[in-house]
Amino acid sequence: MKKKIIAVFVCFGMGCMILSGCEKTPEETIVREKGADSIKQYESGENAEGTLAKSLGVPEHYKNESVYEDGKLVIDTDADIYVPKVDSVDTYAVSAKEANQDLIDMVTKAFFEGDKIYQGTSYYIETKKDIQNKITTLKKYKAEGNFDPYEYGKDENGNLQFDLEGLIARYEEELKTAPDEREKEEVTPALNLECWYGKGEERTKEIDVDHFSGVAETENGIYDYEISYQLKPDINFVISKSKDDLLADPMEFSYWTEGEFILDGESENYIPEETIKEMLGISYEDAKKIAEETVENLGMSLSLSHWDYSVFCHGEGGASEDRMLDAGYLFAFSRELGGVPVTHEISLGGGLEDMDSTLVPWSYERCVVIVGDDGIQKFELYNPYDVGEIQTENVKLMDFESIIKIYEQMMEVSNADIVNYEAKRTYHIRNIKFGYTRIYDPSSDNDAGLLVPVWDFFGGFDATDLDGNFSHKNSGELSTQSFMTINAIDGSVIDRSLGY
């Protein structure tokens with residue numbers, strides 16, 4: 001097995017250097033021990049002259065094409081490289097912020113100070129009017145001969161999975177006991193509140209264990225407010241503006257989709273940027289100001305690290321131009337320590353190595369805000385950190401050339417079995433970034449870890465199935481998915497989905 005390499009370095013004032021040659025597939029992979037050994041006191045380095053980019057020998061751009069498995073696996077790297085303008089980097093202790101009432105009050109105040117918030121279970125009890133509207137809508141579909149209005153499809157026997165007649169009958173039965181008016185119960189958001197479930201004679205009061213579901217009525221509209229602490233130590237805050245006024249049928253599935261999945265011209269869900277801009281109704285600068293002021297109110301010292309478009313679509317068929325109902329700007333915020341940001345990446349972390357694992361995972365901190373022409377559309381805050389003391393000052397880092405060798409070798413090794421499932425896969429790596437990520441050892445401590453510097457290789461891929469048809473196409477230009485994350489200190493490969 002051979003690989004063809006063409007490498008071009010566009011360096012700081014160094015011109016271009018072209019390398020070519022052939023290498024055999026490495027017999028051993030470059031993987032350092034992880035787990036407990038990765039959460040350690042690293043070695044401090046000597047004071048470097050100049051910036052990190054200069055001391056580590058980092059070019060502005062890296063270009064390389066590696067071909068494996070007789071052309072069935074191609075790693076096409078043509079990437080700009082981002083390195084913060086600092087001369088050193090430290091590691092930091094980090095832990096899960098305590099999920100107490102102070103944290104809940106902080107988020108609530110940042111968004112809903114002075115607004116009334118109601119218990120969600122009682123707020124959304126369906127009245128006679130609500131149910132009658134659903135019956136009318138479903139009967140309209142029936143009259144039109146549309147027995148699969150929500151595109152559920154058919155089962156393996158060719159039968160419709162959506163039972164239109166059965167749902168109409170169920171709602172007609174519920175109509176008999178539905179209340180005439182909705183009883184709204186004002187509450188202060190908190191975990192483990194008592195709340196009512198069900199209706200009529202079946203209505204019962206229960207404890208909403210490690211969870212809160214509420215509705216806020218504001219001058220800017222109605223917002224659903226959910227807090228979940230059921231997967232400790234993870235705690236998630238999700239605030240979503242009601243968009244029922246845009247939906248012809250509120251029972252229909254609706255969702256926000258990031259621009260990176262729809263702006264790529266090769267995507268089956270492609271929506272032109274001009275179409276999105278026409279629907280925005282707010283400038284980038286104004287939307288950014290709203291997002292930054294809101295996040296600043298959280299008092300968590302988060303900085304804007306990434307932005308994108310986001311579109312609101314309806315229906316089960318995926319995002320598309322004719323399914324788009326609204327649009328906004330998506331802003332992601334993260335920590336910045338000593339001038340080095342925590343890199344924004346699509347993975348939430350907190351995965352398990354296998355289904356039989358008994359470990360309790362811990363996901364990454366994440367803060368995302370979507371802003372449209374009528375204000376905040378959606379806010380997500382996952383697993384806020386408490387950042388502790390510096391663990392290793394001016395930590396010793398591997399040079400860029402060594403990191404690239406690990407990247408090229410491990411991209412081959414980690415994709416060795418692709419040829420068993422696909423006729424060909426071509427990766428397009430378009431951005432390389434230096435920044436922080438959090439690692440931890442869930443077997444010893446699932447709510448404490450370390451912020452360490454890493455190299456992330458962002459991009460997309462094209463895949464051809466065994467029948468010779470394209471099954472996936474993504475140029476990688478807009479991607480926030482890292483296909484390789486390498487610890488900049490010791491060269492260990494970090495699994496973003498696991499968090500270590």
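The lining of the largest pocket comprises nine nonpolar, five polar and 11 charged residues; here Ala, Val, Leu, Ile, Met, Phe, Trp, Tyr, Cys and Pro count as nonpolar, Asp, Glu, Lys and Arg as charged, and the others, Gly among them, as polar. The model is predicted, and local features need pLDDT of at least 70, side-chain atom pairs count only at pLDDT 80 or more, and totals for chains, interfaces and linings use all residues. Residues are numbered from 1 along each chain as its sequence is written, and side-chain values use heavy atoms, with hydrogens and water left out.

A pocket is defined on a 1 Å grid over the protein atoms alone as an open set of points where a 1.4 Å probe fits, with protein on both sides within 12 Å along at least five of seven lines; lining residues have an atom within 4 Å of a point. The largest pocket holds about 870 Å³ of space, a volume being the space filled by probe spheres set on the points, which are joined across faces, edges and corners. Of the 25 residues in its lining, Y124, S242, D244, L247 and P250 lie nearest the centre. At least two lining residues come from each of α4 (128-143), β10 (221-228), β11 (236-241) and β12 (254-258), and α4 gives the most, with four. Helices (H or I, at least four residues) and strands (E, at least two) are DSSP runs, numbered from the N terminus.

Rings of Phe, Tyr and Trp (its six-membered ring) pair if their centres lie within 6.5 Å; planes under 30 degrees apart count as stacked, over 60 as edge-to-face and the rest as tilted. The count by this rule is 31 aromatic pairs. The ring centres of W362 and Y385 are 5.8 Å apart and the planes lie at 70°, so this pair is edge-to-face. Because W362 lies in the loop between β16 (340-341) and β17 (366-372) and Y385 in strand β19 (residues 385-392), the pair ties together parts 23 residues apart in sequence. One aromatic cluster is formed by F111, F112, F212, Y223, Y225 and F379.

Zero disulfides (pairs of cysteine sulfur atoms within 2.5 Å) are present in the structure. C313 counts as buried because its relative accessibility is 0%.

Key
Buried means under 20% relative accessible area, exposed over 50%, partly exposed in between (1.4 Å probe, protein chains only).
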